[in-house]
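Please keep the sequence and the model at hand while reading.

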Amino acid sequence: MSWSVLLLCFAGALRAQTLPEPATLLRPAAVFDGQAMHAGWAVLVENDKITAAGPAAQVALPAGGRTLDLPDLTLMPGLIEGHSHLLLHPYNETPWNDQVLLEPQALRVARATVHAQRTLLAGFTTARDLGTEGADYADVGLKQAINQGIIPGPRLLVATRALVATGSYGPKLSTDVDVPQGAQEADGVDGIVRAVREQIGKGADLIKVYADYRWGLNSTAQPTFSQEELTLIVQTARSAGRGVVAHASTPEGMRRAILAGVETIEHGDDGTPEIFKLMKQRGVALCPTVAAGDAIAQYRGWKKGQGPVPVRIEQKHQSVQAALKAGVTLAMGGDVGVFPHGDNAREMEQLVKEFGLTPLQVLRQATSGNAQIFHLADRGSIRPGLLADLVAVAGDPTQDVGAVRKVQLVMKGGVLYKQP
Ligand SMILES: [Zn+2]
């Protein structure tokens, strides 16, 4: 391969190392600032920050700066993915067991670099990545590669290995062999404290715990950790400044996780009105991951739009409605990796088209909402002082959620990764 071809191949990656322009004035048709639409606004970016946003006539471009006209586009905060697994790829390509057991870590990481780029170019400038599923601490290195400008990708909040109770998780093969698991097993006071600290020491931004899993009789979901164990996980993480998120779908698993003080419940499929009331009281958000359930049902043979709706999908509709009725805050996260990275908007579309949320609701969730739930005070809105993580899409995403797929511009920290 000649050097020129090689350079072309790496052009995308090199762009990540480019310094931000000193001053750029963005002039779209409208600005969604994380809360509401503002027609005729302009946004000024200097270095890696937003320094002004408001009616175009009131935002002046400093000398030496450049103007970027974005006619017919809506400028909005970079989207925040709430639940991804960059180290996984869709299960209809390779079953989860095989990804965990058969794929070398180098292969998984190589693929993850492409996933990171696709996520960013889809307009998601931040992602909360909830577990490497057997790829150890590869997410920490991936995050470093992105932060050092070696590969393009979103800003990452990483959970590293995640915690499971012994015997509860997978893969499960013969009883005669202990195979590597998709998460770290830990139990009891000493084991749990040690595992949480180990993950934090290696770079976990948050701790992910599986409060229940399909290890009941006939593979039904049952709680895993005891109340005491979950409480200890939260206390140990919190004392080091980290939050805890819980995978939970059973009412009892959810209840224990909520009482322990987790910040979000992932999935929540069998949540009851009582459980959602408790979530609301304790200020715990729900990340329903509707797109993952939908994808898995289709991988198992469901022909969407034909034939009866699977029980799991019906149940998901009921739980999301019960959560909304109880006033539970929803985080936006699709469990991307179960379905293709870069297709992150699928969760937003399904929440609108199949679960009755408005486009405005899901846009807020994916920007200012997720920023608040994940304690990211420096992003998720367009206002002076925040990071210049910006996306421009064709059309009005507050009217048509499908507009979030029409990404024309992606800026992260003042650096353009895509422009019209
Ligand atoms: Zn997940």
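## Domains

Domain bounds are taken from an automatic or database domain assignment. For this protein chain the assignment gives domain 1 (3-78 + 380-418) and domain 2 (79-373), with residues numbered from 1 along each chain as its sequence is written. The model is predicted, and local features need pLDDT of at least 70, side-chain atom pairs count only at pLDDT 80 or more, while totals for chains, interfaces and linings use all residues.

## The interface between the domains

The C-alpha centres of domain 1 and domain 2 lie 29 Å apart. Their contact takes 28 residues from domain 1 and 26 residues from domain 2, where two residues are in contact if their C-beta atoms, placed from the backbone, lie within 7 Å.

On the side of domain 1 that touches domain 2, at least two residues each are supplied by α2 (11-15), β5 (66-77), β18 (407-412) and β19 (415-418); helices (H or I, at least four residues) and strands (E, at least two) are DSSP runs, numbered from the N terminus. The residues of this side divide into twelve nonpolar, ten polar and six charged, with Ala, Val, Leu, Ile, Met, Phe, Trp, Tyr, Cys and Pro counted as nonpolar, Asp, Glu, Lys and Arg as charged, and the others, Gly among them, as polar.

## Helices α7 and α8

The contact between α7 (residues 227-239) and α8 (residues 251-260) is made by Gln227, Leu230, Thr231, Ile233 and Val234 of α7 and by Arg256, Ala257, Leu259 and Ala260 of α8. These residues divide into six nonpolar, two polar and one charged.

Key
Axes fitted to C-alpha atoms, helices over the stretch in contact; angles between N-to-C directions.
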